[in-house]
Amino acid sequence: TYVKYKDPKQPIEARVTDLLARMTLEEKIGQMTQIERANASTSVIEKYFVGSVLSGGGSAPSENASAAAWQEMITKMQKAALSTRLGIPIIYGIDAVHGNNNAYNATIFPHNVGLGATRDPDLVKLIGRATALEARATGIPYTFAPCVAVCRDPRWGRCYESFSEDTKLVQLMTAAVIPGLQGAPRHPTGIPVVAGPKNVAGCAKHFVGDGGTRNGINENNTVLSFHDLMRIHMPPYYDAVIKGIASVMISYSSWNGIKMHENKFLITQILKEKMRFRGFVITDWQAVDKITTPPHKHYYHSIQETIHAGIDMVMVPYDYPEFVADVTAQAKRGAIKMDRIDDAVTRILRVKFAMGLFENPLPDQSLVAHLGSKPHRELAREAVRKSLVLLKNGKGKKDGKPVLPLTKNAKKILVVGTHAHDLGLQCGGWTKSWQGQSGNNFTGQGTTILEAIKSAVDKKTVIDYSEHPDKGNVSKSEDEYDYAVVVVGEQPYAETAGDNLNLTIPGPGPEVIRKVCELVKCVVVLVSGRPLVVEPYLDTMDALVAAWLPGTEGHGVADVLFGDYGFSGKLPRTWVRSVDQLPMNYGDKLYDPLFPFGFGLTTKPA
Ligand SMILES: OC[C@@H]1[C@@H](O)[C@H](O)[C@@H](O)c2nc(-c3ccccc3)cn21
């Protein structure tokens, strides 16, 4: 018999309507349920009609799983979903936020703060496309990206996930990366668009005002008038909707004391009705639990509050039996309205049909070679080059001439610091694991800054490397080293673990800077997710480069240090003198930065 929803020639809305009409309450609630892969067995997927599975940060089928292993895992889950009565495919989501960063051997691109420094939307669009391809290489059709936060306080642990403090720059990058990830919309009507099997569904996050919390405290309270919220934090969502974003993730944070996850006014009236967002709204991880203190305290009621507010899909991710039972009970009692459930399921099905998931539910094995591919690494290297911001170049205590670009045929150079030869540190959080880690063998291929320097300089140049230089090996250096490259910065972090009230350069960075730069002409390369307090050491440095979190392609750092390319990056954020000035953003009346938003020295290619 003819089944309309299975017919790809039918209009999407007709397929949605037909399928919805066939669904039982259990099947509808299943579509609203997203569970973590660790508990997504075929029997659970079948029994609960699960609509979506995710990998939480670092959650992979096995240690250093290959693209094929990822695909195998997802295929198994998808076949379970396709075996259910109506055969609705699952949508598998992951945080591919700077490349497909969970996957071993993926290309790790600079985090968003570095992309903001490039001011290059065409580059960012290509990065979106490459990220989509590397996600599809592992069989994943959905990423929880882009983060379109407007980070207004660098003390926020997620500030590096934000393109900028400036709303317009965030909008520029948002409007670029979404068509990269999803494919370009044919017309700007806000209909969810995922152009083909090499694209992925995106997720603009975290709605709204995640980057505006008090003192940058993660998941805290954003205190703003409605007009300031709309002026500073809302515009990127307008661009996301116009570009056909498939989903929007709600922020853990609150606006004027109201938890975003239960804010019906902003989710339903503003995003869905005023802005005509047509995709689905998803919660953050256990965010339904977390609208109460302690979390989960009134879970039954919290479910009603959040779904009533306009939540469509819930990232449960573990308590799915309780979640499904509670939604079912409240739907049967009319405590949760059926037309709310039908709206949620309609939005989810609309995205699944729009992205061709019914026609192509299974991973495409022909794509595995794109994971960490050479062209993507070249693209990432270009992004690194364009993201570095040159903050100081010369006028040191020595002879005051520009120090950069460095000469490639020095007799002897010194490379020092914790971040000179550490792939993990240059990638930052959300890399292979949720929090990231230091070390050189966890994420597969990549080039450290030291390795890049070694391959850039003349083979006759002697390079002394010392992670922690002591007085000894630099004391007799006055005439020994042509220059030193000092690479220091932050340890990896994600979310609340990154909240930081002092923004000092972590030890032993400051002492390494002092020790080496007082004796040798030095270029300091700062690897951090945000501006740090550098004023106390600035005079001792001959040059200072903000490298942000560049990712695996360290060659991009050497490319500009040695003048193969000129420096072009511009600050996407204000560089404060001291945390006492915070919050202080471009456009504020009181604005006295060490380096202003948009600052960046340039050099000519050597
Ligand atoms: O990884 C899924 C989402 C991600 O997309 C969101 O941007 C982020 O806020 C987030 N935090 C957790 C998470 C936080 C604490 C413990 C376990 C998981 C999970 N997630």
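Around the ligand there are 13 residues, and D95, R158, H206, D284 and E495 are the closest of them; a residue counts as near when one of its heavy atoms lies within 4 Å of the molecule. By class, this shell holds 7 nonpolar, 1 polar and 5 charged residues. Here Ala, Val, Leu, Ile, Met, Phe, Trp, Tyr, Cys and Pro count as nonpolar, Asp, Glu, Lys and Arg as charged, and the others, Gly among them, as polar.

Before going further, please keep in mind that this is a predicted model, in which local features need pLDDT of at least 70 and side-chain atom pairs count only at pLDDT 80 or more, while totals for chains, interfaces and linings use all residues. Residues are numbered from 1 along each chain as its sequence is written, and side-chain values use heavy atoms, with hydrogens and water left out.

| Residue | Distance from its polar side-chain atom to a ligand oxygen |
|---|---|
| R158 | 2.7 Å |
| H206 | 2.7 Å |

Taken alone, the ligand exposes 440 Å², and the protein buries 86% of that; these areas come from the Shrake-Rupley method with a 1.4 Å probe.

Now for the spaces in the protein. They are found on a 1 Å grid over the protein atoms alone: a cavity is a set of points where a 1.4 Å probe fits but cannot get out, and a pocket is an open set with protein on both sides within 12 Å along at least five of seven lines; lining residues have an atom within 4 Å of a point. Grid points are joined across faces, edges and corners, and a volume is the space filled by probe spheres set on the points.

Of its 15 lining residues, R152, G212, L224, P583 and N585 lie nearest the centre.

There are also 5 cavities of 30 Å³ or more. The largest cavity has about 170 Å³ of space, and V97, H98, N112, A145 and V177 are nearest its centre among 20 lining residues.

Finally, the model has 2 disulfides, each a pair of cysteine sulfur atoms within 2.5 Å. One of them joins C151 to C159, S to S 2.0 Å, and this link is left-handed, with -105 degrees about the S-S bond.

Note on methods: Polar contact = N/O pair within 3.5 Å; in protein donor to acceptor, adjacent residues only side chain to side chain.
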